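These are my notebook entries on one protein chain. I wrote down each thing as I looked it up.

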Amino acid sequence: MCCGSAEAAAQAGTCCEPAAKDEAVAAGASCCGSAQAPAEATEPTVGQAEPVELPVLVIGAGPAGLSAAANLHERGIAFTVLEAGDGPAAAVRQWGHVNLFSPWRYNIDAAARRLLDAAGWVAPILTCCPPAAS
């Protein structure tokens, strides 16, 4: 609404008529406010600030956290993984007897796979649905 509220617009009378609004804006008003001369425009200053390197924390060493860590590693970004459990995938291991609903080919992150392959990992059968404890 121009003028800030329906009440203010009603009190202003012609405020919200298109021609009156265009005339007021052309005269320097913001929407239909008072038609004052526009404030002196100033160029924003753009500094040459150095980029700030913030720490990257990955919360949880489950499948998503480990995938995030693998992707950060590939990009050369320093990170720390925080895990509340006793080791990677601690929560998943609690229900490890349950089979996942999707086959391995959908459960292996590409960056993680490259890291694992480089370490000599042998991929499982990609069409099988693994138990969570895998």
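Before placing any residue I noted how elements are assigned: helices (H or I, at least four residues) and strands (E, at least two) are DSSP runs, numbered from the N terminus. By that rule Asp 109 lies in the loop between α5 (104-107) and α6.

I noted that this is a predicted model, where local features need pLDDT of at least 70, side-chain atom pairs count only at pLDDT 80 or more, and totals for chains, interfaces and linings use all residues. Residues are numbered from 1 along each chain as its sequence is written, and side-chain values use heavy atoms, with hydrogens and water left out.

Entry: the whole chain.
I found 6 helices and 2 strands. Read from the N terminus, their order is α-α-β-α-β-α-α-α. I looked up burial next: buried means under 20% relative accessible area, exposed over 50%, and partly exposed in between (1.4 Å probe, protein chains only). Of the 134 residues, 20% count as buried. For contacts I used heavy atoms within 4.5 Å. Among contacts with a separation of 6 or more, 41% come from residues 24 or more positions apart.

Entry: helix α3.
α3 has 12 residues and spans 17 Å from its first C-alpha to its last, close to the expected 16 Å. The expected span is 1.5 Å times one less than the number of residues. I listed Gly 65, Ser 67, Ala 69, Ala 70 and Leu 72 as buried in α3. The buried residues of this helix pack against β1 (57-59), β2 (80-82) and α6. After α3 comes Gly 76, with a positive phi near 70°.

Entry: α3 against α6.
Two packed helices are described by the angle between their axes and the distance between the axes. Axes are lines fitted to C-alpha atoms, for helices over the stretch in contact, and angles run from 0 to 180 degrees between N-to-C directions. I read an angle of about 75° between α3 (residues 63-74) and α6 (residues 110-118), with the axes 8 Å apart. That makes α3 roughly perpendicular to α6; the scale is under 35 degrees for roughly parallel, over 145 for roughly antiparallel, 65 to 115 for roughly perpendicular, and oblique for the rest. On the α3 side the contact uses Ala 70, Asn 71, His 73 and Glu 74, and on the α6 side Ala 111, Ala 112, Arg 114 and Leu 115.

Entry: Asp 109.
Which residues does Asp 109 touch, not counting those up to four places away in sequence? I found Ser 67, Ala 70 and Asn 71. A polar contact is a pair of N or O atoms within 3.5 Å; within protein, one must be able to donate a hydrogen and the other to accept it, and residues adjacent in sequence count only if both atoms are side-chain atoms. The side chain of Asp 109 makes such a contact with the side chain of Ser 67 at 3.0 Å, and with that of Asn 71 at 3.1 Å. Asp 109 also caps the N-terminal end of α6, with a side-chain oxygen 3.0 Å from the backbone nitrogen of Ala 111.
Is Asp 109 buried or partly exposed? It counts as partly exposed because its relative accessibility is 23%. Ser 67, at 18%, counts as buried.

Entry: phi.
Most residues other than glycine have a negative phi. Ala 89, in the loop between β2 and α4, has a positive phi near 55°.
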